[in-house]
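Subject: Handing over a structure, with notes

Dear colleague,

I am passing a structure on to you, and my notes on what was found in it follow directly below. Please read them with the model open beside you.

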Amino acid sequence: DHSSREEEEEEEREAQSSSSIHIRIMTGGGSYDEVDLEDMDWNESLKEFTYSCPCGDIFRITLEELKDGEEIARCPSCSLVLTVIYDPDELPSITNVEAATSGTTEEIA
C-alpha cells in the first residue's frame, strides 16, 4: 500500500527531526551566563581562571584551553557552564598572569 508507506516515512522524518531538535536543546541549550575574562579570578594553586558558580563551587578554565580557542568554563560539581568572553590576541602568557597576581615581576634574561 503506497499511501501507508508514505505516511510511515513522513512519521519517521518527523521523529528524526524532533529528536535532533531535542538533542540540540539538551547539548546546545546555552550557558548559565557570559562573563569577561577580566572579571574572572586567577587561581594560582589550580593554575586556572575561576568564577563563582551558584551551586557553591567554581567555574574553571585554563589559560591553555583559552589559547586553544575554548570559551566554555565548566563547574566540576554541577552541569552549568559559563561562556568566557575574551580576545584571543590579548591573552596573557602564564608567566604574566602569575606575576600580575603575585605582585612581583620576574626579569627574563
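The sulfur of Cys-75 has its closest cysteine sulfur in Cys-55, at 3.6 Å, which is too far for a bond, given that a disulfide is defined as a pair of cysteine sulfur atoms within 2.5 Å. By this rule the count of disulfides is zero. Cys-75 is buried, with a relative accessible area of 6%, whereas Cys-55 is partly exposed at 42%; here buried means under 20% relative accessible area, exposed means over 50%, and partly exposed lies in between, with a 1.4 Å probe and protein chains only.

Before going further, please keep in mind that this is a predicted model, in which local features need pLDDT of at least 70 and side-chain atom pairs count only at pLDDT 80 or more, while totals for chains, interfaces and linings use all residues. Residues are numbered from 1 along each chain as its sequence is written, and side-chain values use heavy atoms, with hydrogens and water left out.

As for the chain as a whole, its secondary structure comes to three helices and six strands, where helices (H or I, at least four residues) and strands (E, at least two) are DSSP runs numbered from the N terminus. Read from the N terminus on, these elements follow the order α-β-β-β-β-α-β-β-α. Of the 109 residues in the chain, 20% count as buried. The chain exposes about 8000 Å², of which carbon and sulfur atoms supply 45%, the accessible areas coming from the Shrake-Rupley method with a 1.4 Å probe and, for residues, with only the protein chains shown counting as cover. If a contact is taken as heavy atoms within 4.5 Å, then among contacts between residues at least 6 apart in sequence, 39% join residues at least 24 apart.

E6 covers residues 81–85 and contains Thr-83, which counts as buried at 11% relative accessibility. Leaving aside residues up to four places away in sequence, Thr-83 touches Ser-31, Asp-33, Glu-34, Val-35, Glu-71 and Ile-72. E1 and E6 run parallel and are joined by four bridges, with Val-84 in E6 as the bridge partner of Val-35. Strand E5 (residues 72–74) and E6 run antiparallel and are joined by three bridges, and here Val-81 in E6 is the bridge partner of Arg-74. A hairpin through six residues leads from E5 to E6.

Turning to the aromatic rings, the count comes to two aromatic pairs, under the rule that rings of Phe, Tyr and Trp (its six-membered ring) pair if their centres lie within 6.5 Å, with planes under 30 degrees apart counting as stacked, over 60 as edge-to-face and the rest as tilted. The pair of Tyr-32 and Phe-59 is stacked, because the ring centres are 6.0 Å apart and the planes lie at 20°. This pair links distant parts of the chain, since Tyr-32 is in the loop between helix H1 (2–27) and strand E1 (33–36) and Phe-59 is in strand E4 (residues 58–61), 27 residues apart. Tyr-32 is partly exposed at 44% relative accessible area, whereas Phe-59 is buried at 0%. Trp-42 and Phe-49 form an edge-to-face pair, 4.9 Å centre to centre and with 65° between the planes; Trp-42 is buried at 13%, and Phe-49 is buried at 7%.

Finally, which charged side chains meet? Three salt bridges are counted, a salt bridge being a side-chain nitrogen of Lys or Arg within 4 Å of a carboxyl oxygen of Asp or Glu. Lys-47 and Glu-44 meet at 2.5 Å, N to O, with Lys-47 partly exposed at 33% and Glu-44 partly exposed at 36%. Glu-48 and Arg-60 meet at 3.9 Å and link distant parts of the chain, Glu-48 being in strand E3 (residues 48–52) and Arg-60 in strand E4, twelve residues apart. Glu-48 is buried at 15%, whereas Arg-60 is partly exposed at 29%. Arg-74 forms a salt bridge with Glu-70, the closest N and O atoms being 3.9 Å apart.

Technical notes. Pairing = 2+ DSSP bridges.
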